[in-house]
Amino acid sequence: MADEQKTAAVSEERLKARVYLRAVLPLLEIVTADVEKFKKTIAPWNCVVQFEVIGDEEAATHLVIKDGKLTAMQGRHANPTVGLGFKNLNQMNVTLGGGI
């Protein structure tokens with residue numbers, strides 16, 4: 001029973017991570033394109049920001065910000081400008097969900 005609960009908890013954490021990495025972060029594309037304040041903020045930036053769970057091949061997304069446009073891409077970038085690495089899925093989910 002304990003193994004089943006642990007597996008269910010990991011599956012729930014992975015599902016949450018997928019929502020953040022594949023749905024929430026990509027919404028930044030729309031926000032930065034549609035909100036003038038944010039469009040102006042990123043206009044001079046040329047960088048790559050990576051979000052990842054260290055050691056987890058699946059849990060990674062990077063944001064490419066270039067020429068005033070933000071694009072979210074699945075997976076790791078070979079040479080990100082800055083990276084936010086989390087030790088596990090739970091830590092990433094709590095942080096991206098607004099927790100500490």
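Predicted model: local features only at pLDDT ≥ 70, side-chain atom pairs only at ≥ 80, totals over all residues.
A residue is termed buried when its relative accessible area is under 20%, exposed when this area is over 50%, and partly exposed in between. By this criterion glutamate 58, with a relative accessible area of 33%, is partly exposed.

Seven salt bridges are present in the structure. Among the residues involved, Arg14, Arg18, Arg22, Asp56 and Glu58 are joined in a network of such contacts. Within this group, aspartate 56 pairs with arginine 14, and their closest N and O atoms are 2.7 Å apart. The pair connects distant parts of the chain, since aspartate 56 belongs to the loop between strand 1 (47-53) and strand 2 (60-66), while arginine 14 belongs to helix 1 (residues 2-24), 42 residues apart. With a relative accessibility of 13%, aspartate 56 counts as buried, whereas arginine 14 is partly exposed at a relative accessible area of 23%.

Arginine 14 also meets the side chain of glutamate 58 in a salt bridge, with an N to O distance of 3.9 Å. Glutamate 58 is located in the loop between strand 1 and strand 2 and arginine 14 in helix 1, so this pair ties together parts that are 44 residues apart in sequence.

A further salt bridge is formed by glutamate 36 and lysine 39, whose closest N and O atoms are 3.9 Å apart. Both residues lie in helix 3 (residues 36-42), where they are three residues apart, about one turn of the helix. In an α-helix there are 3.6 residues a turn, so residues three or four places apart point the same way. Glutamate 36 is partly exposed, with a relative accessibility of 44%; lysine 39 is likewise partly exposed, at 32%.

Helix 4 spans residues 89-96, and Leu89, Met92 and Asn93 are buried within it. When the helix is viewed down its axis, the buried residues fall within an arc of 95°, and therefore line one face of helix 4. The N-terminal end of helix 4 is capped by asparagine 88, a side-chain oxygen of which lies 3.2 Å from the backbone nitrogen of asparagine 90. Following helix 4 is glycine 98, which has a positive phi, near 100°.

Methods:
Residues numbered from 1 in each chain as written. Heavy atoms only, no water. Buried < 20%, exposed > 50% of the residue type's maximum accessible area, 1.4 Å probe, protein only. Helix = DSSP H or I, 4+ residues; strand = E, 2+ residues; numbered from the N terminus. Arc of directions from axis to C-beta. Polar contact = N/O pair within 3.5 Å; in protein donor to acceptor, adjacent residues only side chain to side chain. Salt bridge = Lys/Arg side-chain N within 4 Å of Asp/Glu carboxyl O.
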